[in-house]
Amino acid sequence: MGSGTSTRHHFAFQNAERAFKAAALIQRWYRRYMARLEMRRRCTWSIFQSIEYAGQQDQVKLHDFFSYLMDHFIPSSHNERDFLTRMFTEDRFAQDSEMEKCSDYESIEVPDSYTGPRLSFPLLPDHATALIEAFRLKQQLHARYVLNLLYETKKHLVQLPNINRVSTCYSEEITVCGDLHGQLDDLIFIFYKNGLPSPERSYVFNGDFVDRGKDSVEILMILFAFMLVYPKEFHLNRGNHEDHMVNLRYGFTKEVMNKYKIVSTMRCKTRQKSEKQMEEKGKANRKSSAQEPIPWFLPQSRSLPSSPLRLSSYKAHKTSRSSSIPCGGCLDRRELSRQVRSSVELELERCRQQAGLLVTRQKEEPSCSASEADSEAGELQKPTQEEWRQVVDILWSDPMAQEGCKANTIRGGGCYFGPDVTQQLLQKYNLQFLIRSHECKPEGYEFCHNRKVLTIFSASNYYEVGSNRGAYVKLGPALTPHIVQYQTNKVTNTLTMRQRISRVEESALRALREKLFAHSSDLLSEFKKHDADKVGLITLSDWAAAVESVLHLGLPWRMLRSQLVNSSADNMLEYKSWLKNLAKEQVSHENIQSSLLETLYRNRSNLETIFRIIDSDHSGFISLDEFRQTWKLLSSHMNIDITDDCICDLARSIDFNKDGHIDINEFLEAFRLVEKSCLEGDTSECPQATNAKDSGCNSPGAC
Amino acid sequence: MADEKDREEIIVAEFHKKIKEAFEVFDHESNNTVDVREIGTIIRSLGCCPTEGELHDLIAEVEEEEPTGYIRFEKFLPVMTEILLERRYRPIPEDVLLRAFEVLDSAKRGFLTKDELIKYMTEEGEPFSQEEMEEMLSAAIDPESNSIHYKDYITMMVIDEN
């Protein structure tokens, strides 16, 4: 009755209340956990992005370094002069010998034992599809066919205008893809999911096909093959990675050398012979022409193939026309350059006429440079500063939220452009919107500037397995963009979000710790400034300030602190032991001075790039002398403090061939971090992968 | 006295830097504003653990008079600083969390079935959205027993945090 039921009700009520509160508590805790995970994900992204862009800044600085050398360096010896001449002159890339080398494929024999695809020209669609299948099965295309394909591709590219037009008829669709960066899995997935290129299925690839990923060669082969098979429907635009200097740093050159080793070693043997020949030639040249060494390393002078390739990394979409691209000066024969330039003018004139603009040429702002080009028609072979800047602007710039236009200091090249600039451009040329690439986005794509600019990025898992999706965009007759996303790695499907974020985060932190180590000396002096009493301790707040002032990465250091610094008592950090621990983590040689090691790490990328430049015949070896000269050049311009003796000791401590040559790869490998044992896509080694199904091509990630 | 005031100033200055850092991670347009939907993430990543209800109240405090969908840093900073100084919305200790699970596990089995977890999380307290529920299940549920062994689950999550 009375108290009995009420007690029962009371308990019931209490129980219900307790359950409610318990649930609320769990939810509260869980939401906080997820929020912190989200924050970690964003920070990780920032780390990768800022390190990537800092690397690009380095690239631009390196380029400036070479320009500076060209203008100011006075070689103090016969050796040095030769060294520089080899580095800087166009001799080794002389158009004639280049074409010769390419057409030399005929002399290369393909053994019967070769089971890979064989190409014959003119290419047929079957050849192109056979390439995809062969590469999917990890076969390698024989050097002869590679060279043959390059030769044919070059012939095709040379006669293309700067601006190409693709139109959507009633039933056609155009698919635009962004950066691929040597990630073959993504390309295969796109063709698998979206269909192979055909007369009814147009494709545009927005540059950055190579570097960073491990299958740049294969990607190029496939893309070039389809371009030759369907010249009207298959289009390639140039990205900032279609550039020799960038390739030297970011891995494409290395990949080519590794995959086509036999050709390289052959060259090494003939090297000494050709060195002698060069000397003769060099002497002859010096006597005859007063020709200035043409800077082969400028962005527009070299790309793959090495013809005057100037395509746009912006693919402005068209109902009628595309944005103009400056015709960067051609470094080849005058003939060719005039031809190409005039075709650009004609094209632009036609565009203008169609737009109802006045045909008389006026000096407009950089986006329309044909006027400048024709004013110099037939004169300079060398690209002007202005033209070079325009190309850099097109290939390196990023959109920003604010109005206006300012220098892109983070990347070191190009600019940031605002919605007003976009609006102006679109209005001027009567365009609907702009599709561009160049920036990695977590979802594979991003709209900005009131949906007038679309960034499309097709390399999934770009920074690390699980870091981002890739995407491509389809345009129908109405030009409404339809986006498809994917993530091509079997492993990502089996991981929870938490695990995915942890993996990516670990990778980012490792990269960041390496960077910190590379600046140990600077960090130490900065820490000391905060330690006036010389106690050996600084506050964690000072730590954050010091680190930012040395690295300039603009990262949220206080958010990252718990993962970079072991929790210390009462908020103070013993900075010397912290730095020591950082050093211990890196692979090191005990017999090498730690400050030297630090310098090596900091300049590793530059070093590698320079080495590869010196290694002009791509043999993989440089001489001890060249090695020393490299260091001298670097240290003089970049204020690196290393004595000659140190360099010699260093060289001696590394095993190199007794013939006085240094294997570049060996040298660089000695200073690499231990690679993570779980490789991308290799499920057998990865503990977290469980029954990853192979659906033929790839298991596409959830879209 | 003077010393204490100095110390408080230093603490406040440090809080300001922390808050600014967290805020900037979400300030995509670099104009000192963030989307209001990210405020919860920012506050939580600064060490606080508010309920959804408390979060809504906070947002109301930092929003513009005419809500724009964006929160300005100038309004956010003083409010957040105060929260940190007062040590409001403290995180939940491990043992309290464990007891909460034990309350739901009235039979004291050491686990909750998948259905039980779903029921509690989507019908009680401040219910999860479907997305939140799915995400929790993906990590928490042992596929063989179709249940969550909450003690292990908590241990795993806590290790991950550190």
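Good morning. I begin with D211(A), which sits in the loop between β2 (201–205) and α7 (216–229) of chain A. Helices and strands here are DSSP runs numbered from the N terminus, where a helix (H or I) has at least four residues and a strand (E) at least two. Before I continue, please note that this is a predicted model, in which local features need pLDDT of at least 70 and side-chain atom pairs count only at pLDDT 80 or more, while totals for chains, interfaces and linings use all residues. Residues are numbered from 1 along each chain as its sequence is written, chains are lettered from A and ligands numbered from 1 in the order in which they are written, and side-chain values use heavy atoms, with hydrogens and water left out.

The phi of D211(A) is near 80 degrees, a positive value in a residue other than glycine. Most residues other than glycine have a negative phi, and most peptide bonds are trans. Is D211(A) buried or exposed? D211(A) counts as buried, because its relative accessibility is 0%. In these terms, buried means under 20% relative accessible area, exposed means over 50%, and partly exposed lies in between, with a 1.4 Å probe and protein chains only.

K534(A) belongs to the loop between α17 (520–529) and β13 (537–539) of chain A. With a relative accessibility of 72%, K534(A) counts as exposed.

There is also a cis peptide bond, between F121(A) and P122(A), with omega about 0 degrees. P122(A) is found in the loop between α3 (95–103) and α4 of chain A.

I now turn to strands. Strands of a sheet pair through backbone hydrogen bonds, either parallel or antiparallel. Two strands are said to pair if DSSP finds at least two bridges between them. In chain A, strand β9 (residues 445–448) and strand β10 (residues 453–456) pair in the antiparallel sense over four bridges. Y445(A) stands opposite I456(A) in β10(A). Four residues lie between the strands of this hairpin, and there H449(A) takes a positive phi near 55 degrees.

Which strands form the open sheet of three, and in what order? The order is β5-β7-β6 in chain A, and the pairing is mixed. Strands β5 (398–399) and β6 (405–407) of chain A stand at the edges with a single partner strand each, so one side of each has no neighbour in the sheet. β5(A) and strand β7 (residues 415–417) of chain A run parallel and are joined by two bridges. D398(A) has Y416(A) in β7(A) as its bridge partner.

My next topic is charge. Side chains of opposite charge can pair when their charged atoms come close. A salt bridge is counted when a side-chain nitrogen of Lys or Arg is within 4 Å of a carboxyl oxygen of Asp or Glu. How many salt bridges does this rule give over all chains? The count comes to 32.

One of them joins E133(A) and R136(A), at 2.9 Å from N to O. Both residues lie in helix α4 (residues 125–136) of chain A, three residues apart, about one turn of the helix. E133(A) is partly exposed, with a relative accessible area of 36%, and R136(A) is partly exposed at 27%.

In chain B, D35(B) forms a salt bridge with R37(B), their closest N and O atoms being 2.7 Å apart. R37(B) is exposed, with a relative accessible area of 69%.

A patch is made of residues with over 30% relative accessible area and no salt bridge, where like charges are joined within 9 Å and nonpolar side chains (Val, Leu, Ile, Met, Phe, Trp, Tyr) within 5 Å. A positive patch is formed by K528(A), K534(A), K576(A), K580(A) and K584(A). Its largest share, three residues, comes from helix α20 (residues 575–585) of chain A. K584(A) lies in helix α20 of chain A and is exposed, with a relative accessible area of 65%.

A negative patch is formed by D3(B), E4(B), D6(B) and E8(B). Within this group, D6(B) lies in helix α1 (residues 2–25) of chain B and is partly exposed, at a relative accessible area of 41%. Thank you for your attention.

Definitions and conventions:
Accessible areas come from the Shrake-Rupley method with a 1.4 Å probe; for residues, only the protein chains shown count as cover. Lys and Arg count as positive and Asp and Glu as negative; His and the chain ends are not counted. The place of a charge is taken as NZ of Lys, CZ of Arg, CG of Asp or CD of Glu.
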